[in-house]
Amino acid sequence: GKTAQTIAHIVIEQAEGRLDRPALVVVPTSLVPNWSAELARFAPHLRVVVLHGLDRHEKRRELDGVHVVITTYTVLARDIEDMAQLAWHLLVLDEAQAIKSPSAKATHAVCRLDTRHRLCLSGTPIENNLGELWSQFAFLMPGLLGQRKNFSRRFRTPIEKENDPVRRRQLATRIRPFILRRTKAAVATELPPKHTILR
């Protein structure tokens, strides 16, 4: 659902005339074919370019009239000097836990890009610790969760080590307006009925 919802958002931006710069979608390499196929299926009228492989440098020079550019975290980190010179309307990070480490090359690369809007897509925004959440929000909304050291002192240590319910609620309240989370209960009407086979 995350991919389709994001494509729908890009289509609306284009229909309303706001997509005067391309949207950049950054994905793990394995998801490039999926994004290309989904864009062709749900938004065939959008012009899409994939910046991956040896011909990406030539393609990058010809982005006039392109609506969506798809690239990978690896390519973006490798080509950041060229990519940082381009202007984007929307920057989408799929599997955004790829920037869970604030010191990683991919994290530094995405934070350098010139974009009006930012979006993180992830089914697992926190895999190991709250520092990963801080890293994603430092990209999404710099300053919302404060400096890394202060975040650790104020939220991470009390929540992870002391299981502090007050700090947990405070953090949840702060990030809630910026998270769209579809729970199983919310999408249960879309799911087929459970089918159990006893053997």
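Visitor: How many aromatic pairs does the count come to?

Guide: This is a predicted model, where local features need pLDDT of at least 70, side-chain atom pairs count only at pLDDT 80 or more, and totals for chains, interfaces and linings use all residues. Residues are numbered from 1 along each chain as its sequence is written, and side-chain values use heavy atoms, leaving out hydrogens and water. Rings of Phe, Tyr and Trp (its six-membered ring) pair if their centres lie within 6.5 Å, with planes under 30 degrees apart called stacked, over 60 edge-to-face and the rest tilted. By this rule, the count is one aromatic pair.

Visitor: Which residues form that tilted aromatic pair?

Guide: Look in helix H8 (residues 148–160), where the two partners sit four residues apart, about one turn of the helix; helices are DSSP runs of H or I, at least four residues, and strands are runs of E, at least two, numbered from the N terminus. Their ring centres are 5.7 Å apart, with 45° between the planes, and the partners are Phe151 and Phe155.

Visitor: Are Phe151 and Phe155 buried or exposed?

Guide: Buried means under 20% relative accessible area, exposed over 50%, and partly exposed in between (1.4 Å probe, protein chains only). By that scale, both Phe151 and Phe155 are buried.

Visitor: Which strands stand at the edges of the sheet?

Guide: Two strands pair if DSSP finds at least two bridges between them. Here five strands form an open, parallel sheet in the order S2-S3-S1-S4-S5. One side of each edge strand is left without a neighbour in the sheet because each has a single partner strand; these are S2 and S5 (114–121).
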